[in-house]
Amino acid sequence: MSGADMAEYRIAHLRDRLASEDVAELGVRIEERGGSVMLYGTVSSAACRSEVLRIAREELTGLPLHEDLVVACADAPTHREELS
Amino acid sequence: MIRVAAVGDIHLSPESAGALRPAFDTLGECADLLLLAGDLTRHGTVEEARVVAREVAGLPVPVVAVLGNHDYQSDLQDEVTAVLEEVGVTVLEGRGTVLRINGTRVGVAGTKGFGGGFAGRSGGEFGEPEMKAFVRYTRRCAEELAASLRSLREEDCAVRIALTHYSPVPDTLAGEPLEIYPFLGSYLLAEAVDDAGADLAVHGHAHMGSEHGMTGGGVRVRNVAQPVLGRAFAVYHLPVHTRPTSLVGGAATAGVG
């Protein structure tokens with residue numbers, strides 16, 4: 001089994017863990033990119049973001065990891081949409 | 001004009017309690033009602049439902065919700081519904097509700113909906129019992145959505161809104177991997193909306209999707225998942241069109257919101 005194959009399975013296992021563990025996060029994109037793994041998307045809180053990254057580092061130990069996870073904005077809207 | 005505020009996928013839990021309340025407290029100034037498009041909790045526990053209930057309790061606008069798949073995770077969807085209804089939230093599943101807003105009857109038909117995919121790339125009611133049950137469940141959600149929308153028309157609603165968690169169209173999934181579209185929605189929901197008619201369809205579920213879409217019949221669709229909106233909620237201004245109320249009667253005079 002090649003390293004790439006193993007990374008593929010480990011990413012799948014990471015997705016399973018994010019869904020089944022307490023963080024219950026299904027909205028994060030996880031992709032292999034240029035020999036590293038990229039996590040991106042929007043999560044509901046800073047604590048959720050920390051937990052996703054902790055689990056990812058644990059599950060993907062040894063693989064280069066890049067992340068661009070942001071926390072959902074809870075500000076009131078500043079504009080509205082007029083529907084005809 | 002009716003001012004519709006909407007958001008889905010707020011995924012509240014004790015750690016995020018109170019996060020949305022400051023924004024929700026502004027609703028009285030900018031909206032006539034608030035729609036919640038499912039995935040209100042993280043795991044669908046009663047404790048998390050109480051966080052949601054506190055977040056929306058006592059708001060100056062009526063709150064209408066459907067649940068999402070996360071709200072079913074603990075098999076406590078009935079208890080989650082009860083907790084929300086205790087604070088006055090109307091939780092819809094396969095039924096509609098009529099709100100009177102500034103003299104206008106506004107109908108909201110709601111179902112969580114389910115997946116199956118979109119026309120030409122969808123699962124069929126064939127083969128294993130699990131597969132048939134999957135598609136039948138979506139079909140039942142869609143049939144109930146259509147029946148609810150028709151019922152709202154019979155109840156002389158000048159504005160009708162379809163509220164789901166799963167998406168009726170692929171347009172608002174743009175940004176999600178194509179491979180998972182069948183788990184994000186179903187064309188059966190759009191067909192129901194087009195058959196029965198609606199002024200707006202609102203859904204959540206697709207965090208990486210996009211806000212704007214339209215059914216084949218021309219009904220505007222909005223994905224209001226909070227990660228898509230990038231704010232606490234969206235506000236849509238819907239015009240109130242005057243239309244005949246019956247075959248023998250004249251036209252309804254719609255109020256202006």
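**Confidence.** I started with chain A: its mean pLDDT is 90, and 94% of its residues reach 70 or more. pLDDT is the predictor's confidence in each residue, from 0 to 100. Helices (H or I, at least four residues) and strands (E, at least two) are DSSP runs, numbered from the N terminus.

**Ground rules.** This is a predicted model, where local features need pLDDT of at least 70 and side-chain atom pairs count only at pLDDT 80 or more, while totals for chains, interfaces and linings use all residues. Residues are numbered from 1 along each chain as its sequence is written, and chains are lettered from A and ligands numbered from 1 in the order in which they are written.

**Where the chains meet.** I looked up the contacts and found 19 residues of chain A touching 28 residues of chain B (in contact: C-beta atoms, placed from the backbone, within 7 Å). On the chain A side, β2 (36-43) and β4 (81-82) each supply at least two residues. That side has eight nonpolar, six polar and five charged residues. Here Ala, Val, Leu, Ile, Met, Phe, Trp, Tyr, Cys and Pro count as nonpolar, Asp, Glu, Lys and Arg as charged, and the others, Gly among them, as polar.

Next I followed β4(A), which pairs with β13(B) (residues 234-238) in the parallel sense over two bridges; pairing takes at least two DSSP bridges between the strands. E81(A) has Y236(B) as its bridge partner, and E82(A) stands opposite H237(B). The open sheet has six strands with mixed pairing, in the order β4(A)-β13(B)-β1(B)-β2(B)-β3(B)-β4(B).

**A helix pair in chain B.** Last, I checked α3(B) (residues 46-56) and α4(B) (residues 77-86): they pack at about 25 degrees, axes 9 Å apart. Axes are lines fitted to C-alpha atoms, for helices over the stretch in contact, and angles run from 0 to 180 degrees between N-to-C directions. So α3(B) is roughly parallel to α4(B) (an angle under 35 degrees). The contact includes V46(B) and A49(B) of α3(B), and V80(B) and V83(B) of α4(B). Its residues are seven nonpolar, no polar and three charged.

Notes
Two residues are in contact if their C-beta atoms, placed from the backbone, lie within 7 Å. Angles under 35 degrees count as roughly parallel, over 145 as roughly antiparallel, 65 to 115 as roughly perpendicular and the rest as oblique.
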